[in-house]
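Here's a quick briefing to read with the structure open beside you. Take it topic by topic and find each residue as you go.

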Amino acid sequence: MIEQFINFVIRPPRAEYNPDQYLWEKEFTLAGRTYQRQDLELKNARGYTLKCSHYLPSPFPGDTSLPCVIYCHGNSGCRADANEAAVILLPSNITVFTLDFSGSGLSDGDYVTLGWHEKDDLKMVVSYLRSNKQISRIGLWGRSMGAVTSLLYGAEDPSIAGMVLDSAFSNLYDLMMELVDVYKIRLPKFTVKMAVHYMRRVIEKKAKFDIMNLNCLLVAPKTFIPVLFGHASDDKFIQPHHSDLISESYAGDKNVIKFDGDHNSSRPQFFYDSVSIFFYNVLRPPNVPRAHKLEKYYDLGDLKLGSGVDESLLYEILSSLRSASTDAASSSSVLPTISSAKSVSELLSDIAPVTDVEAFFREDINGNDETCHDVPTDVQDKLKGEGEDCCSYTSSNRESWGRCSSLGGSDEESCPDLRADDTLSQNTRVKVFATPMRSKKEKSSEPKEHEKKQKKNKKKKKKAENVGKKPKSERFEKLEALSRRLRLCLLKGSTHRRHKSS
């Protein structure tokens, strides 16, 4: 049993993972910006190779340097634990560096030391970042063993701008005595103390550190780095009073946040918001101008498109619309393939003038009430892919290590009226604003009374559906409206050809 307890301290379960599966991709999109993951290896003072990853903007902004937060994982953790930190900090122009400590993850080493030797690994990382001219201030974010590592190193390096310490323990010896009670090991107190002293000698022989020296209360009074403490109120492994003890003796600016959960539970959003604000204040990242993809908009009548949209898709749509207005004899619902020497930009410029971005955002975007039918499957797939890739994290399977949520709505949400009443097209003529080429727009015959009634009913139904939905941000509503217009534009072209042939 004592051997199991020793392994519990210095050889907990080791994280084995595939970096390409559990880390962010080499290039990924987050909140409309592109970032990259740079993998590298560093050697610590004991000769062990450390596996590291650095998340940076892609491309890196020229003539400026960005701050960096080093994420330090727990005793059974690895680099993948920093996935959430990247999501929180990268949009604020703060880069994120993470590593597998020696004895953890994919790095070399046989034992973990709960912060004693890990602080030397952290020192090697800080030295590497100091030599990088693209990095300005440095902050530390640690959880459990990583929090102790950050505090032990911060006491030696006052140049660190700020630290977030999540679930740090105050004293390893006291923690071990508490765990005896938590796991209900029924032994007399003197027997437990003798067992701990035996473990101390074995651990010192195997892992080369003394558990009695691992005491954060000795370094807290001489550390002045701004710090944010966090601890789960129901943590039974490292109980909340450990953070309280460290905070009481800490010399620098400090704040303590308690939240629901246990030692390994996901942290609430308000804690992540507090972390983001804390690092923004202490690291003071520069205000790097955002790279706007939507530099101009083409006025295509009811349809407005930014130049950031996939040109191959635009060409296919525009070729279809041009063919729909000139080819009255065609009755096929499949989009024609038209070869042209003109680029998409020239084709767009020929059809419609360019309007500025500000005018587009001042315009009120209203939903379209027309019913859409007969969508070619190949274009449906392409449009669906565009909608999914445009506003989502491009990520692989990370159920075990990190969560990545979709930023954009699904196609079902963005265009609910595409599937409504397929049989209606057989009996009802759809009102068509045929193409963006206004000069060739055909006016349909006066609608019948029952058509008007059906459209009014449909408007009421759509309003009722919109009331039930949660209000979305103005920018997201515009993206949804843009997605609907792309589909409606395509569908109008195919419906117009059917009417002209009849």
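Let's start with a charged pair: D210 and R200 join their side chains in a salt bridge, at 2.8 Å from N to O. A salt bridge here is a side-chain nitrogen of Lys or Arg within 4 Å of a carboxyl oxygen of Asp or Glu. Keep in mind that this is a predicted model, where local features need pLDDT of at least 70, side-chain atom pairs count only at pLDDT 80 or more, and totals for chains, interfaces and linings use all residues. Residues are numbered from 1 along each chain as its sequence is written, and side-chain values use heavy atoms, with hydrogens and water left out.

**Salt bridges**

- (Helices, H or I with at least four residues, and strands, E with at least two, are DSSP runs numbered from the N terminus.)
- D210 counts as buried at 12% relative accessibility, whereas R200 is partly exposed at 25%. (Buried means under 20% relative accessible area, exposed over 50%, and partly exposed in between, using a 1.4 Å probe and protein chains only.)
- How many salt bridges does the structure hold? There are ten.
- Another one pairs K26 with D39, at 3.0 Å from N to O. K26 sits in the loop between helix 2 (19-22) and strand 1 (27-30), and D39 sits in strand 2 (residues 33-43), 13 residues apart.
- K26 is partly exposed, with a relative accessible area of 45%, and D39 is partly exposed too, at 34%.
- D100 and R79 also meet in a salt bridge, at 3.7 Å from N to O. D100 lies in the loop between strand 5 (95-99) and helix 4 (118-130), and R79 lies in the loop between strand 4 (66-72) and helix 3 (83-89), 21 residues apart.
- Are D100 and R79 buried or exposed? D100 is buried at 0%, and R79 is buried at 3%.
- Salt bridges that share partners tie D20, K26, R37, D39, R79 and D100 into one network.

**Helix 1 against helix 7**

- Two packed helices are described by the angle between their axes and the distance between the axes.
- Helix 1 (residues 2-10) packs on helix 7 at an angle of about 50 degrees, with the axes 10 Å apart. (Axes are lines fitted to C-alpha atoms, for helices over the stretch in contact, and angles run from 0 to 180 degrees between N-to-C directions.)
- That angle makes helix 1 oblique to helix 7. (Under 35 degrees is roughly parallel, over 145 roughly antiparallel, 65 to 115 roughly perpendicular, and the rest oblique.)
- Which residues make the contact? Helix 1 brings I2, E3, F5, I6, V9 and I10, and helix 7 brings A195, Y198, M199, V202, I203, K206 and A207. (Contact means heavy atoms within 4.5 Å.)

**Two spots to look up**

- S247 is in helix 8 (residues 241-249), and S247 is buried at 10%.
- Not counting residues up to four places away in sequence, S247 touches F229, K254 and V256.
- P226 is in the loop between helix 7 and strand 8, and P226 is partly exposed at 25%.
- The C-alpha atoms of P226 and G252 are separated by 5.7 Å, though the two residues are 26 apart along the chain.
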